[in-house]
Amino acid sequence: MAREKTVPPADGPGEGGADPDARERLLAAAQDAFAENGFKGATVRDICRAAGANVAAVNYYFGDKEQLYIEAVKRAHTCAGRMDTFPVPPAGAPPLDKLRGFVREMATRMHAPASPAAMKLMMREMADPGKAAHVVVTEFIQPAAFALRAILRELLPHLDEQHLLMTGFSVMGQCLFYRQNRPVTELIFGREAVAALNVDAVADHVVRFTLAALGHAEPIGGESSGPRVIKSSSRANPRRGS
């Protein structure tokens, strides 16, 4: 029998009414607790204590601990750079323009600062995918991945599915590196050096590197510092002789 929602618990200031910020405080506290201790190690009581909420608030707002965890992972994904709101390219746009737009948007989002707790929770869940990972992938990540695959299929119509998939992984990997590995790169090269890589420089580099690898721009390291784009009608080999 389905559980019915009751009157919101008195978990904040006021005369017995619900605190309108209680749900968000619970999610923020849950994100930190699950990131640090995992699903099994974090307790509802500790989360509610950190959020300044009544223990009954979890059942009211989320139903149970598992659903609270799923919502916390979804929140962490949003804080770490959500991927479900990519702009739709105009109808009839050339595939090269679509790829440039996709890569630039992805690089921009991945370069933005992210909450350490959000990144830790996302990495923990994606390393050992559970129900929350499936929800995040289905609702947020899969649409962007499918959009990239469609662009690559249009740009590289003769590529088989296996190499199309690996090409997509290569494109996404370049962008994700700047999000997932930033703390380590700061340890290696210093925070100032990494901070100097502004979002425009990163986006331009990933776009040019990707197009060069696909044979649609001159190889990296040539005399020109700009992306001399090869026309899509020419199936040029980036290793051709001069």
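Glycine 52 is partly exposed, with 46% relative accessible area (buried means under 20%, exposed over 50%, and partly exposed in between, with a 1.4 Å probe and protein chains only). The model is predicted, so local features need pLDDT of at least 70 and side-chain atom pairs pLDDT 80 or more, while totals for chains, interfaces and linings use all residues. Residues are numbered from 1 along each chain as its sequence is written, and side-chain values use heavy atoms, without hydrogens and water. Glycine 52 belongs to the loop between helix H2 (44–51) and helix H3 (56–62); helices here are DSSP runs of H or I with at least four residues, numbered from the N terminus. Its C-alpha atom is 8.0 Å from that of alanine 22, 30 residues apart along the chain.

Aromatic rings come next. The structure holds 6 aromatic pairs, counted for rings of Phe, Tyr and Trp (its six-membered ring) with centres within 6.5 Å; planes under 30 degrees apart are stacked, over 60 edge-to-face and the rest tilted. Phenylalanine 34 and phenylalanine 39 are stacked, 6.1 Å centre to centre with 20° between the planes. Phenylalanine 34 is buried at 0% relative accessibility, whereas phenylalanine 39 is partly exposed at 32%.

Key:
Helices (H or I, at least four residues) and strands (E, at least two) are DSSP runs, numbered from the N terminus.
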